[in-house]
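Morning, everyone. I'll keep this short. Please bring the model up on your screens.

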Amino acid sequence: MMKQKKLFLINSKANEGDAMKRWRVIAKKYKTLSENPVDMTTIADLSGFIKNDNPDLVVIIGGDGAINRVCQAVSPLSKKPLLAIIPLGFGNALSKCFGVETVEKAVSVLEKQPGKVLIDLFKTTIPEKPIGVFSMGVGFDAQIVHTRMYHRYIGMRSYILAAIQSSIMHTMHKLTITIDHKITLSSTATALIIANSPTIGRNFILSEDAKLDDGFLDCTLFSSHYAYFTNLRLRGFKHPLYSDENKVHFRAKHITISGEQFAQVDGDPAIHIKPIEIEILPKAVTFLRNDIEKIELEQMPFTYE
C-alpha cells in the first residue's frame with residue numbers, strides 16, 4: 001500500500017466533551033494514530049481546510065455529528081479523500097454500519113484497510129443542516145431530539161425523559177408529503193422517519209431494508225405515538241406488539257414535506273417553517289469499512305454485486 005497522507009480531525013465536544021481526554025489515552029496505545037489531531041470545532045471553513053491540506057485519508061474522531069460535518073465539507077470537493085471513523089461520540093450509528101463500533105476494530109480497519117464502500121448522502125433545504133448521512137425525522141421523532149438537548153448531560157436517560165415529555169407536549173399535524181415530484185400524501189400523523197441506513201445509535205433498528213449505497217431513502221410515516229414506540233427495538237429484543245399496522249412505508253429519491261416545523265438530521269435538531277425538500281445524492285463519499293463477516297448487524301447496511 002502506498003503511503004497515505006492522513007488528516008486526523010477530532011470533535012473535541014463529542015461524548016459530552018470527553019473526546020479529547022479519551023483520545024490522548026488511545027493515541028498512546030496505538031502508535032499509528034496522531035497524538036495531535038486537528039480540532040474541527042475551531043475551524044470555520046472545514047471544506048476549505050480539507051481542500052488546502054489535500055489528504056488521501058481523513059480520520060474522523062467523534063460521533064455521528066462529526067461524521068455529518070466532515071461529509072458536508074467533503075461532498076462539494078472535486079477531489080474527495082477517503083474517510084475513516086474512530087468512534088468517540090454519544091451517537092455512533094455509522095460506526096456500527098461500517099463494522100468499526102469499537103476503537104479496537106476502527107484502528108485495525110485503519111491500519112489494514114480491508115474494504116471500502118461508496119455511500120449515498122442526502123441534501124436538505126434546511127440551511128443549518130444541508131447534508132444528511134444516515135437519518136432524518138420530522139414531527140414527534142424530531143421533537144424528542146429537540147427536548148433531549150435540555151437533558152443531554154444525563155446520557156442515554158435523556159432520551160427516555162425526552163420521549164416522555166414529548167409524548168405529553170407533541171401535537172399531531174397534517175403532513176403533506178410529495179414523493180419524487182409525482183405522488184402526494186396528506187395525513188394527520190405523528191412523525192415521518194427518513195432512513196439512509198438501518199440503524200440509529202448502536203442498538204436501535206430504524207429501517208430494516210435501508211442501505212447506505214442503494215440510491216434511495218427508506219421512509220416510514222407513523223400515524224400515532226403508539227405506532228412510533230412499538231417500532232423501536234433493542235438488539236436481541238423484538239417488542240411483542242411490533243407490526244406494520246398504523247405505518248406507511250415508501251422509498252424515494254426526492255421528498256417534499258410541509259406542515260411540521262420540528263426536524264432533526266442525524267440526531268441534531270432544526271426548526272424549519274417552510275416546506276423541506278430532501279434529495280438523495282448517490283455514491284457521494286467513500287468510507288473504509290470492516291470485512292463483511294465482521295459487521296455485526298442483522299441487516300447488511302450495503303448492497304453487494
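Let's start in a loop. Asp180 sits between strand E8 (173-179) and strand E9 (183-189). Helices (H or I, at least four residues) and strands (E, at least two) are DSSP runs, numbered from the N terminus. Phi of Asp180 is near 50°, a positive value in a residue other than glycine. Most residues other than glycine have a negative phi. Asp180 is partly exposed, at 25% relative accessible area. On cut-offs: buried is under 20%, exposed is over 50%, and partly exposed lies in between, with a 1.4 Å probe and protein chains only.

Some ground rules. This is a predicted model, where local features need pLDDT of at least 70, side-chain atom pairs count only at pLDDT 80 or more, and totals for chains, interfaces and linings use all residues. Residues are numbered from 1 along each chain as its sequence is written, and side-chain values use heavy atoms, with hydrogens and water left out.

Next, Asp266. Its loop runs between strand E16 (262-265) and strand E17 (268-271). Asp266 has a positive phi of about 50° and is not a glycine. Is Asp266 buried or exposed? Buried, with a relative accessible area of 4%.

Now helix H6, residues 103-112. Val103, Ala106, Val107, Val109 and Leu110 are buried there. They cover an arc of only 160° around the axis, so they lie on the same side of H6. That arc is taken from the directions from the helix axis to the C-beta atoms. What covers these buried residues? Among the elements in contact (heavy atoms within 4.5 Å) are strand E1 (6-10), helix H2 (19-29), strand E3 (57-62), strand E4 (82-87) and strand E18 (276-289).

Lys112 also belongs to H6. Lys112 is exposed, at 61% relative accessible area. Lys112 and Asn290 are 178 residues apart in sequence, yet 9.4 Å apart in space, C-alpha to C-alpha. Just after H6, Gln113 takes a positive phi of about 50°.

Last, a helix pair. H3 (residues 46-53) and H4 (residues 64-74) pack at about 65°, with axes 8 Å apart. Axes are lines fitted to C-alpha atoms, for helices over the stretch in contact, and angles run from 0 to 180 degrees between N-to-C directions. H3 and H4 are therefore roughly perpendicular, a class that spans 65 to 115 degrees. H3 contributes Leu46, Ser47 and Ile50 to the contact, and H4 contributes Arg69, Val70, Ala73 and Val74.

That's my tour. Over to you.

Conventions:
Parallel < 35°, antiparallel > 145°, perpendicular 65-115°, else oblique.
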